[in-house]
Amino acid sequence: MFVRAAGAYLWDEDGNQYIDYLNAWGPIVLGHSDRRVNQAVFDAVNTCDLTGVGPQLGEYQLAEKICAVMPSAEKVAFCTSGTDATMHAVHLARAATGRLKVLKFHGSYHGWSDHVAVGGSRSDLSSESPLNTPNGGGLHPAVVDDVVVVEWNDFDGLRGAFDRYGSELAVAFTEGYVHSFGCVPAQQGFLELLRELCTSNGVVLVFDEVKTGFRAAIGGYQSICGVTPDLTAFGKAVANGYSLAGLAGSNDLMGHLGAYTKTEATIDGTYNGSPYAVAAALKTLEIMESENVFATLYGLGTRMRSGIEKAIAEVGIDATVAGLGSEWCVYFRRTLPTNFREAMESNKEQYARYHASLLAQGILEPAFVTGDRRLNAATTEKDIDRTLNCVRVALEAAAS
Ligand code: PLP
């Protein structure tokens with residue numbers, strides 16, 4: 001049980017302190033319980049709570065800010081979680097195109113609505129399992145049948161899927177840089193091919209930037225890779241831990257968000273754009289820019305990855321490390337994975353020993369083998385150097 005969080009650290013109820021490299025799977029980007037963000041929230045709480053009758057000033061200011069930094073954003077709508085955002089993205093794409101099918105990549109996680117909670121099962125990955133195996137129980141089979149799943153970085157598979165289903169697809173989902181099974185970039189030309197196929201087939205291209213948005217860069221991974229989606233789903237780091245998510249896209253496409261007609265999708269929600277979360281986001285983005293937070297995150301991330309690489313070489317274990325900015329993943333295999341199946345071939349027994357050793361040394365990392373990890377901007381070089389000593393011990397435990 002965790003009872004306290006501050007800066008780079010968590011404490012459990014027995015008083016043990018951990019350096020946190022989970023950071024709640026992404027939202028905590030400046031640091032835990034950031035006082036400046038909390039103060040902005042307290043100010044909002046004491047000024048104007050939920051109204052439910054129309055946008056509040058902060059929502060407008062935040063939308064303007066996101067439009068200024070994110071290439072795909074001309075209009076923004078807010079909701080409360082990544083699951084919300086990706087579900088609304090499907091509805092919006094269907095309303096705009098009049099089509100039903102959804103394309104996504106194997107292993108990529110986009111939340112739990114039936115339209116996308118497919119093709120990411122870790123327990124059912126045999127060579128006979130279809131790529132569109134549901135992630136869990138309770139999904140409607142008719143909805144699952146409409147999901148087309150392609151292996152990540154499979155150029156021919158992607159062309160084949162568009163040849164077969166191009167005229168039926170409403171939407172194609174991708175993480176620009178995959179964190180769902182660690183840290184696996186698109187191979188050169190893959191995102192460009194996806195962009196081209198979506199454009200030529202009239203399919204709405206959605207970048208799921210729930211993890212990369214406001215973490216890989218303030219403008220999201222799209223501002224790094226140079227491929228601009230039609231629609232972006234974002235969440236997590238935008239508000240440093242307060243529940244805020246949203247959709248951003250062109251005026252034309254976002255114009256299909258509205259009332260209750262066939263060509264309009266609805267994005268109503270009691271807590272959408274809550275003034276507290278919006279205040280947290282405005283302050284978070286202000287600090288990101290005024291304190292050059294991305295230079296800090298990238299500098300610390302590079303220090304971590306190169307230190308891990310050195311430790312792997314010194315211990316002489318078959319392992320690799322990959323990552324971007326503040327994120328990384330250690331795979332217990334000789335080469336970097338290029339897709340979900342390869343990532344899942346990472347040695348689970350070695351990973352279990354690695355994870356247990358780190359935990360015992362006060363380093364908190366994901367408990368499962370392909371989990372991506374990340375640091376927040378309150379982490380110090382001293383924390384990283386201490387972590388690297390622990391990583392060396394953990395690699396020795398993994399190798400034993
Ligand atoms: N999309 C991606 C890429 C995610 O990593 C996640 C959550 O981890 C989601 C969507 C769902 O977001 P949430 O947990 O806010 O519903």
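Leaving aside neighbours within four places in sequence, V393 is in contact with S357 and Q361, where contact means heavy atoms within 4.5 Å. V393 belongs to helix α13 (residues 381–399); helices (H or I, at least four residues) and strands (E, at least two) are DSSP runs numbered from the N terminus. Between V393 and S357, which lie 36 residues apart along the chain, the C-alpha separation is 7.4 Å. With a relative accessible area of 42%, V393 is partly exposed; buried denotes under 20% relative accessible area, exposed over 50%, and partly exposed the range in between (1.4 Å probe, protein chains only).

The structure is a predicted model, in which local features need pLDDT of at least 70 and side-chain atom pairs count only at pLDDT 80 or more, while totals for chains, interfaces and linings use all residues. Residues are numbered from 1 along each chain as its sequence is written, and side-chain values use heavy atoms, with hydrogens and water left out.

Strand β5 (residues 101–105) is largely enclosed by the rest of the structure, because five of its five residues are buried. Cover is found on both faces of β5: K101, L103 and F105 are buried on one side, and V102 and K104 are buried on the other. Strands are taken to pair if DSSP finds at least two bridges between them. β5 runs parallel to strand β7 (residues 169–174), to which three bridges join it, and V102 stands opposite V171 of β7. Four bridges link β5 with strand β6 (residues 147–150), again in the parallel sense; here K104 faces V149 of β6.

Beyond its neighbours within four places in sequence, F162 is in contact with L103, L169, L194, L197, C198, N201 and V203. By C-alpha positions, F162 lies 36 Å from A367, and 205 residues separate the two in sequence.

Helix α6 (residues 190–201) contains R195. R195 counts as buried because its relative accessibility is 17%. Its side chain makes a polar contact of 3.1 Å with the side chain of D230. A polar contact is a pair of N or O atoms within 3.5 Å; within protein, one must be able to donate a hydrogen and the other to accept it, and residues adjacent in sequence count only if both atoms are side-chain atoms. Apart from neighbours within four places in sequence, the residues in contact with R195 are L205, V227, T228, P229 and D230.

A polar backbone atom of G82 lies 2.8 Å from an oxygen atom of the ligand, and a polar backbone atom of Y109 lies 3.4 Å from a ligand nitrogen atom. In the side chain of K236, an N or O atom is 2.7 Å from an oxygen atom of the ligand. Taken alone, the ligand exposes 390 Å², of which the protein buries 82%; accessible areas come from the Shrake-Rupley method with a 1.4 Å probe, and for residues only the protein chains shown count as cover.
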